[in-house]
Amino acid sequence: MTKPALPSVALANDSGFSLDYDDLRGWLAEAERLGEVKAVTGAGWQEEIGMAAELVSHSDKTPALLFDEVPGFPKGFRVLVNIFGGRRRNMTLGFPAHFNKLELSESFAGVFSPRERVMAPVEVADGPVFENVLEGDKVDLDIIPTPKWHEGDGGRYIGTGSYNVTRDPDSGAINVGCYRIMQHDKTSVTYNAGPGKHGRQHHEKYIARGEEMPVVMVLGGDPMTFLCAGSEIPADVCEYDVVGGIRGRPLKLVRGRHTGLPFPADAEIVIEGFVDPKAVVPEGPFGDWTGTYTEAGRKRPLTRITAIYHRNDPILLGFPPQTLPDEYSRFRAVTRSAMLKKNIQAAGVPDVKGVWCHEVGGTRMLTAVSIKQRYPGHARQAGHIACQCHVGAYSGKWVIVVDDDIDVSNLEELIWAALTRADPATSIDLIKNAWSSPSDPLLTAARRKSGDVTNSRMIIDACIPFHARDEFPPSTKLSPDVLRRARERFPDLA
């Protein structure tokens, strides 16, 4: 809203793309139409909501859960979890239910284009989010049934399916980014933005000025905006513009009454406040995306809440990481794989046939790339680019490059290729001192204290050796034509 919009490009219709919801309630109605929402009443915030979220997180066949009548809270204050599974997974991204995850990822890549396909939002004066406004002495985060998601968490995390809105104090550019939010008391929270993240960069600029940073936190927004807020989007492009471009219609935004920051007029719950330039308080531990808890004693900036806005009968969106693989990794595998493939191709690597950021690695620690080999060194080129380009650089561990006869999304096929086509002594490259995450469980306390948040990368060339392609023993895997005929002949066995 503070910079000129990039040109909009019309959506292609040949992929079957149709995003039929605008807000979280519209998404919920679509999921209910698919029969994939289960209502749960009477579950407590202390552990029961978190336990149920863990149980449904690991299967793609479990329903979304909508918790109501949480003890101690008014009926109508609800919590929604497990949005990315079943047929609703494809519905969330706007594609037909029959697409498999590779087809879904490829199709999403066709509509996700942060440079070319954008549409600026429009500002409106009012919206459902202002049905209830709590300011001054009425600010009370305890009205929201925030769960304790994991048994070892250091507190209640009000923001897991949420995003923050901040403004660059120099350029005025708006950033929308996903950072977990821990509730400290009824008027204050902390959030966790890692080094290098755009929201962290904004805060560091305010600290240098000695000023409070205005912030808005959307705790119940539509899934597509949440998806884009957690994606790797260039700093000079606003996530709101990207969402508008994907939908083919602009987001309708209102402004916070205390910060002037924009947020969707149809959001469920929004909190607004200011980040102290000096005060830091303990944050965590938290069950993070690595399937491990963050370290105890971490400190993050304190945010003082000045206003709460919420709709009648509001929905808190929960999207907590769980033991891997989980809902979070299913979600990010589809979106990150598509973006990583684009990055690799943009760097000039030819004939990239497939990319998959594996769920078991939290979609960062294990990446698979398939290519049609064109020249000696092609596989190493693809592997090095994959682990150091914009999407792949943060907190990766292993990259495995395979030939195009391997389904990169199939973990067993991927490991089979590594075992039969890669030689441990000659097929592995290592990179040291790469960009990592504070969540890496291998980081020692001493390294964290020194700021050495780096790791190593392993690139495995699991392609058939280029010089031996004609003499390498062929795979017994069925050819695509035979596999198709086998499935047609024996449909009950496939």
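User: Does H150 count as buried or exposed?
Analyst: This is a predicted model. H150 lies in the loop between β5 (132–135) and β6 (157–159). Buried means under 20% relative accessible area. H150 has 10% relative accessibility, so H150 counts as buried.

User: Which backbone oxygen does the side chain of H150 reach?
Analyst: H150 touches F286, G287, Y293, P320, P321 and Q322, leaving aside residues up to four places away in sequence. At 2.6 Å, the side chain of H150 reaches the backbone oxygen of P321.

User: Are α4 and α8 oblique or perpendicular to each other?
Analyst: Two packed helices are described by the angle between their axes and the distance between the axes. Helix α4 (residues 101–111) packs with helix α8 (residues 327–346) at about 55°, and their axes are 8 Å apart. Angles of 65 to 115 degrees count as roughly perpendicular, and under 35 degrees as roughly parallel. The two helices are therefore oblique.

User: How many charged residues are in the contact of α4 with α8?
Analyst: From α4 come K101, L104, S105, E106, F108 and A109. From α8 come A333, V334, T335, S337, A338, K341 and K342. By class, six are nonpolar and three are polar, while the charged residues number four.

User: Which strand do the buried residues of α4 pack against?
Analyst: The buried residues of α4 are L104, S105, S107, F108, A109 and V111. These buried residues pack against helices α3, α6, α7 and α8, and against the strand β17 (352–357).

User: Which residue caps the N-terminal end of α4?
Analyst: Look at the backbone nitrogen of L102. A side-chain oxygen lies 3.1 Å from that nitrogen, and the capping residue is N100.

Definitions and conventions: Residues numbered from 1 in each chain as written. Predicted model: local features only at pLDDT ≥ 70, side-chain atom pairs only at ≥ 80, totals over all residues. Heavy atoms only, no water. Helix = DSSP H or I, 4+ residues; strand = E, 2+ residues; numbered from the N terminus. Buried < 20%, exposed > 50% of the residue type's maximum accessible area, 1.4 Å probe, protein only. Polar contact = N/O pair within 3.5 Å; in protein donor to acceptor, adjacent residues only side chain to side chain. Contact = heavy atoms within 4.5 Å. Axes fitted to C-alpha atoms, helices over the stretch in contact; angles between N-to-C directions. Parallel < 35°, antiparallel > 145°, perpendicular 65-115°, else oblique. Nonpolar A, V, L, I, M, F, W, Y, C, P; charged D, E, K, R; others polar.
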